[in-house]
Amino acid sequence: MVAAPEASHLGQGAGSGETVLRASGVGRAFRGLQALADYELDLQRGEVLGVIGPNGAGKTTLFNVITGFLPPTSGRIEFRGKDITGMAPDRVAKLGIARTFQNIRLFSRMTVLDNVKTAQQLHARAGFWETVASAPGFLRKERQLEERAMAHLAELGLAGFHAVFASALPYGFQRKLEIARALATEPQVLLLDEPAAGMNAQETTELTDFIRAIHHRFGLTVVVVEHDMSLIMRLCERIQVLNYGRTIAAGTPAAIRANPKVIEAYLGTDETEVGSRDAGDGRREAGDEPRAVEEISHDAIA
Ligand SMILES: Nc1ncnc2c1ncn2[C@@H]1O[C@H](COP(=O)(O)OP(=O)(O)OP(=O)(O)O)[C@@H](O)[C@H]1O
Ligand SMILES: [Mg+2]
């Protein structure tokens, strides 16, 4: 399993000077509703950026427009200098941006191993004629794919579950498997949408260590959306705050915590403390818990 690195790694990408993802004036409207407006991003290689904000602030919409699940209605998005505005999700994934979903999306009736194999195939899908013409070659590739998937699971501490159906995994491991699937596409940028949703305090701490470890191990640039402030404050060097689609603050965790606009945005939603959306026992309220495994279609991998 990947080892948690020293905390000092968090400085690794800060100020690397290389922009991997840039957004300029990005917006998304749904009929009359401006879900995201004038969004700006200059994401540096290696950094961990947190995006927070009350429910409905536009955080998931932001991930959807970056990854091609929704075209933006204004603005431009560049990945390593290439215009990816409105590009289809599979092309964005192939270029090197992977994401996870607020509601877990796994192939629930497939094993853990097969879930990872399907994600790996993003870069290595054999065509129909290649399969027909070269059965031995195809079988060899299948074996290689399986070995790589097993090695990937072992590295992430999931090998013991390789033969288990995704739907039978304990909840915390379903969340990890979703991240493992995203990593299997060999991304440079990983977008995590509420990875700790529905977890208790101990599970959240473990997940925070896991994200820190993969950030280090895979040399990733990470954007994480979360309501859990303990995770955000421990992981992120920089935080953006959205409210009603607009960026109302950006800065270091300490600056964000003390920002009156941020406090007001959360107080306006009956929160007593920035990010305190948990029920008293550390779990989010029942209605908020996205515990069900959502089935994904075969053409919507990663
Ligand atoms: N496909 C859609 N069609 C219409 N409205 C949408 C759609 N997706 C999002 N919205 C609306 O856009 C706004 C932003 O939603 P979004 O899901 O991005 O918020 P969020 O910050 O992720 O919230 P949460 O913390 O609850 O996940 C909300 O008012 C939402 O109802
Ligand atoms: Mg959301």
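## A first look

A crossover is called right-handed if, with the strands pointing away from the viewer, the path from the first strand over the helix to the second runs clockwise. Keep that in mind for β8, helix α7 (residues 201–217) and β9, which make a right-handed β-α-β unit. The names come from DSSP: helices are H or I runs of at least four residues, strands are E runs of at least two, and both are numbered from the N terminus.

What you're looking at is a predicted model, where local features need pLDDT of at least 70 and side-chain atom pairs count only at pLDDT 80 or more, while totals for chains, interfaces and linings use all residues. Residues are numbered from 1 along each chain as its sequence is written, and chains are lettered from A and ligands numbered from 1 in the order in which they are written.

The chain has ten helices and twelve strands. Of its 302 residues, 42% are buried; that label goes to a residue with 20 or more other C-beta atoms within 10 Å of its own, while 12 or fewer makes it exposed and anything in between partly exposed, with C-beta atoms placed from the backbone.

## The six-stranded sheet

Let's start with an open sheet of six strands, in the order β6-β8-β9-β3-β10-β11 and with mixed pairing. Its edge strands are β6 and β11 (246–251), each pairing on one side only. Pairing here means that DSSP finds at least two bridges between two strands. On average, neighbouring strands of this sheet are turned by 20° against each other, direction ignored; axes are lines fitted to C-alpha atoms, for helices over the stretch in contact, and angles run from 0 to 180 degrees between N-to-C directions.

Going along the sheet, strand β6 (residues 97–99) pairs with β8 in the parallel sense over three bridges, and Arg99 has Leu191 in β8 as its bridge partner. Then β8 and strand β9 (residues 221–225) pair, also parallel, over five bridges, with Asp193 opposite Val225 in β9. β3 and β9 share four parallel bridges, where Leu49 stands opposite Val223. β3 also runs parallel to β10, joined by four bridges, and there Gly50 stands opposite Ile239. Finally, strand β10 (residues 238–243) and β11 pair in the antiparallel sense over five bridges; Gln240 has Ala250 in β11 as its bridge partner.

## Two covered strands

Why is β8 described as largely enclosed by the rest of the structure? Five of the five residues of this strand (residues 189–193) are buried, so that is how it counts. Val189, Leu191 and Asp193 point one way from β8, Leu190 and Leu192 point the other way, and all are buried.

Four strands form an open sheet in the order β2-β1-β4-β5, with antiparallel pairing. β2 and β5 (82–83) are the edge strands, each pairing on one side only. Two bridges join strand β4 (residues 74–79) to β5, and Phe79 stands opposite Lys82. Helix α1 packs on this sheet, touching β1 (19–30), β2 and β4, and its direction makes about 65° with that of β2.

## Around ligand 1

Which residues are around ligand 1? Among them are Phe30, Leu33, Asn55, Lys59, Thr60 and Gln102, each with its C-beta atom, placed from the backbone, within 6 Å of the ligand. β2 (33–44) and α1 (59–66) each supply at least two residues of this shell, and α1 gives the most, with three.

By class, the shell has four nonpolar, seven polar and one charged residues. Here Ala, Val, Leu, Ile, Met, Phe, Trp, Tyr, Cys and Pro count as nonpolar, Asp, Glu, Lys and Arg as charged, and the others, Gly among them, as polar.

## Two more spots

Helix α3 (residues 112–120) is mostly covered, with seven of its nine residues buried, including Val112, Val116 and Ala119.

Asn259 lies in the loop between α9 (253–258) and α10 (260–267). Asn259 counts as partly exposed because it has 18 C-beta neighbours inside 10 Å.

Terms used:
Two residues are in contact if their C-beta atoms, placed from the backbone, lie within 7 Å.
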